[in-house]
Amino acid sequence: MLLSWEKNGANVRHGKPLGWHLFLFDDTISCIQMYDPKDKMKRLSVRFVHQGINQQLQDIFNKHWKEATLLATLPLL
């Protein structure tokens, strides 16, 4: 899936696992998903519609994005 995104022009990076996924849709809406490491099909998702919370989540995202490695530079498995 990530390779497909990259082929379609998305800038994809790989960072250290945090145990949760962060989706930023716009300046107001964000979503955090956490999963059970023993069964990754089990997920809990929380959606926020709040500009202040979204800004804090964007700051977290930007910090980890800067430290992540471009997918194109990683060896393929």
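Helices (H or I, at least four residues) and strands (E, at least two) are DSSP runs, numbered from the N terminus. The model is predicted: local features need pLDDT of at least 70, side-chain atom pairs count only at pLDDT 80 or more, and totals for chains, interfaces and linings use all residues. Residues are numbered from 1 along each chain as its sequence is written, and side-chain values use heavy atoms, with hydrogens and water left out.

**Exercise 1. The chain as a whole**

Describe the make-up, extent and surface of the chain.

Solution. 
- Step 1: elements. The chain holds two helices and five strands. Along the sequence they follow the pattern α-β-β-β-β-α-β.
- Step 2: extent. The C-alpha trace spans about 40 × 30 × 20 Å along its principal axes.
- Step 3: surface. Accessible areas come from the Shrake-Rupley method with a 1.4 Å probe; for residues, only the protein chains shown count as cover.
- Step 4: burial. Buried means under 20% relative accessible area, exposed over 50%, partly exposed in between (1.4 Å probe, protein chains only). Of the 77 residues, 16% count as buried.
- Step 5: contacts. A contact means heavy atoms within 4.5 Å. Take contacts between residues at least 6 apart in sequence: 44% of them join residues at least 24 apart.

**Exercise 2. Charges and the salt bridge**

Count the charged side chains, then find the salt bridge and place its partners.

Solution. 
- Step 1: count. Lys and Arg count as positive and Asp and Glu as negative; His and the chain ends are not counted. The chain has 10 positive and 7 negative side chains.
- Step 2: centres. Each charge is placed at NZ of Lys, CZ of Arg, CG of Asp or CD of Glu. The centres of the two sets lie 6 Å apart.
- Step 3: rule. A salt bridge is a side-chain nitrogen of Lys or Arg within 4 Å of a carboxyl oxygen of Asp or Glu. The count by this rule is one.
- Step 4: pair. Lys63 bridges to Glu67, with the closest N and O atoms 3.5 Å apart.
- Step 5: spacing. Lys63 and Glu67 are separated by about one helical turn because they sit four residues apart in helix H2.
- Step 6: accessibility. Lys63 has 46% relative accessibility, so this residue counts as partly exposed. Glu67 has 52%, so this one counts as exposed.

**Exercise 3. Residues of helix H2**

Solution. 
- Step 1: Trp65. This residue lies in helix H2 (residues 51-67). Its relative accessible area is 25%, so Trp65 is partly exposed. His14 is 51 residues from Trp65 in sequence, yet the C-alpha atoms are 8.3 Å apart.
- Step 2: His64. Helix H2 also holds His64. With a relative accessible area of 22%, His64 is partly exposed.
- Step 3: Gln58. This residue is in helix H2 too. At 18% relative accessibility, Gln58 counts as buried.
- Step 4: Ile53. Helix H2 includes Ile53. Its relative accessible area is 33%, so Ile53 is partly exposed. Pro37 is 16 residues away along the chain, and the two C-alpha atoms are separated by 26 Å.

**Exercise 4. A loop residue**

Is Val12 buried or exposed, and where is this residue found?

Solution. 
- Step 1: place. Val12 is in the loop between helix H1 (2-7) and strand E1 (13-14).
- Step 2: burial. The relative accessible area of Val12 is 8%, so this residue is buried.
- Step 3: distance. Val12 and Thr69 are 57 residues apart in sequence, and their C-alpha atoms are 8.6 Å apart.

**Exercise 5. A nonpolar patch**

Which residues form the nonpolar patch on the surface?

Solution. 
- Step 1: rule. Patches are made of residues with over 30% relative accessible area and no salt bridge: like charges are joined within 9 Å, nonpolar side chains (Val, Leu, Ile, Met, Phe, Trp, Tyr) within 5 Å.
- Step 2: members. Met34, Leu44 and Val46 form the patch, with about 230 Å² of accessible area together.
- Step 3: one member. Val46 belongs to strand E4 (residues 39-49). At 31% relative accessibility, Val46 counts as partly exposed.
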